[in-house]
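Please open the model in your viewer, with the sequence panel alongside, and keep a selection tool ready. The stops below are meant to be taken in order.

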Amino acid sequence: MRKNLGGIAAGIWVFNLVAILGLVALLYFSGVLSAAAWSEPDPNAALVAPAGKPSRTPFPTMTPVATQTRRPTITPWPTPSPGPSVTPMAMPPANRQIIGYSEEGRALDVYRFGRGPVHKLIVAGIHGGYEYNTVQLADELIAYLNDHPEQIPADTSLFILRNLNPDGSARAIGVEGRANANNVDLNRNWPYNWQKEWERDGCWIWRPIEGGEHEGSEAEVQALIAYIDNIKPVALISYHSAALGIFAGGVPDFPPSIRLAEDVAEVTDYPWPPINTGCDYTGNLTDWAASTRSIPSIDIELTDHRNTDFAQNLRVLQVFLGWRP
Ligand SMILES: [Zn+2]
């Protein structure tokens, strides 16, 4: 029995010893684990610790500055702008003069060639865009005389009004471009034999236009009257189109106008006497010039509404420049 009791007591002691060793071991390892937990890096520490290093990381971001050195390659772009050929065209020619403005404020340009005391005047475009080839002819004559100033006699000055109806030609190249901005036919507004309305038989009827509120009511007509009274031309040509021929200004007939018409007819194919359609051309420029200012004046109608008949009208120009009343 005692041996059994003694064995039991020894077993308890062994058990206690093992339990104590186990507890000590538990405390030891728990301390190590907790110590390991405390040594774990503090996430907040990362904000502090790298603070000393950022001065280096910005440097690589500055490398893009090198790309700016490539921008000078753009500067060659502005250099290929050799536009000096454009600027001279913007400058008005020395021989151009503005004699007034249209109803809508467009300039009425006259080009002068020569400095002689014998003045002659060519008017184009009185019927605007409907007869725009007369403006184109004027531009061709201006260009020709710019290249050939020697064609002007020493005693002569030639004035070319390239477009008396710029509002009409701005509106349309065609029937809608015949009248000015007030729907007035500028070749029916002159203060001689004027009528607001007229018998349309044989006359232009493609649009309902009129002669103006009163004679000489339009800015274009007023400007040209003032200019003619200023330069006092000894002869005048007004260009039209198309096809009816050459008309001598003056009611009743004005012999100097007829002589000018005959001389021009000799160098052209234009009908003379003109084709009579039965129209009474009231209030027109050449009748006014011949009958109220005694200026030999003719209308010349080009062959059609497209061509300028430049070769023929170069001959007309030469006759006109040498012509004397
Ligand atoms: Zn006409």
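The tour goes from the whole chain to the sheet, then to the core and to individual helices.

**The whole chain.** Begin by colouring this predicted model by pLDDT, whose mean over the chain is 81, with 72% of the residues reaching 70 or more. With the cartoon displayed, the chain has 11 helices and 7 strands, and buried residues account for 33% of its 325 residues. Of the contacts between residues at least 6 apart in sequence, 79% join residues at least 24 apart.

**The sheet.** Now select the strands, 7 of which form an open sheet with mixed pairing, in the order β1-β2-β4-β3-β5-β7-β6. β1 and β6 stand at the edges and have a single partner strand each, so one side of each is left without a neighbour in the sheet. On average, and with direction ignored, neighbouring strands of this sheet are turned by 20 degrees against each other.

Zoom in on β1 (residues 96-101) and β2 (residues 107-113), which pair in the antiparallel sense over 5 bridges; Q97 has V110 of β2 as its bridge partner. These two strands form a hairpin with 5 residues between them, and G105 in the turn has a positive phi of about 90 degrees. Moving on to β4 (residues 156-161), you will find it joined to β2 by 4 bridges in an antiparallel arrangement, with L158 of β4 as the bridge partner of F113. Then select β3 (residues 118-123), which pairs with β5 in the parallel sense over 4 bridges, and where K120 has A235 of β5 as its bridge partner.

**The core.** Which residues have the most contacts inside the largest nonpolar core? That core has 54 residues, and the ones to select are V123, I160 and I298. Helix α6 (residues 132-147) gives the most to this core, with 7 residues. Centre the view on I160, which, leaving aside its neighbours within four places in sequence, is in contact with V110, Y111, I122, A138, L141 and I142. In soluble globular proteins, nonpolar side chains tend to be buried together.

**W288.** Return to α10 and select W288, which is found in this helix. Is W288 buried or exposed? It counts as buried, because it has 28 C-beta neighbours inside 10 Å and the cut-off for a buried residue is 20 or more. Not counting residues up to four places away in sequence, W288 touches W190, P191 and Y192. P191 and W288 are 97 residues apart in sequence, yet their C-alpha atoms are 6.8 Å apart in space.

**Helix α9.** For the last stop, select residues 255-265, which make up α9, and highlight its buried residues S257, L260, A261, V264 and A265. Seen down the helix axis, the buried residues of α9 fall within an arc of 135 degrees, so they line one face of the helix. These buried residues pack against β5 (235-241), β6 (246-248), α10 (285-293), β7 (297-302) and α11 (310-322).

Terms used
Residues are numbered from 1 along each chain as its sequence is written. This is a predicted model: local features need pLDDT of at least 70, side-chain atom pairs count only at pLDDT 80 or more; totals for chains, interfaces and linings use all residues. A residue is buried if 20 or more other C-beta atoms lie within 10 Å of its own, exposed if 12 or fewer, and partly exposed in between; C-beta atoms are placed from the backbone. The arc is that of the directions from the helix axis to the C-beta atoms. Two residues are in contact if their C-beta atoms, placed from the backbone, lie within 7 Å. pLDDT is the predictor's confidence in each residue, from 0 to 100. Two strands pair if DSSP finds at least two bridges between them. A nonpolar core is a set of buried Ala, Val, Leu, Ile, Met, Phe, Trp, Tyr and Cys residues joined through C-beta atoms within 7 Å. Axes are lines fitted to C-alpha atoms, for helices over the stretch in contact, and angles run from 0 to 180 degrees between N-to-C directions.
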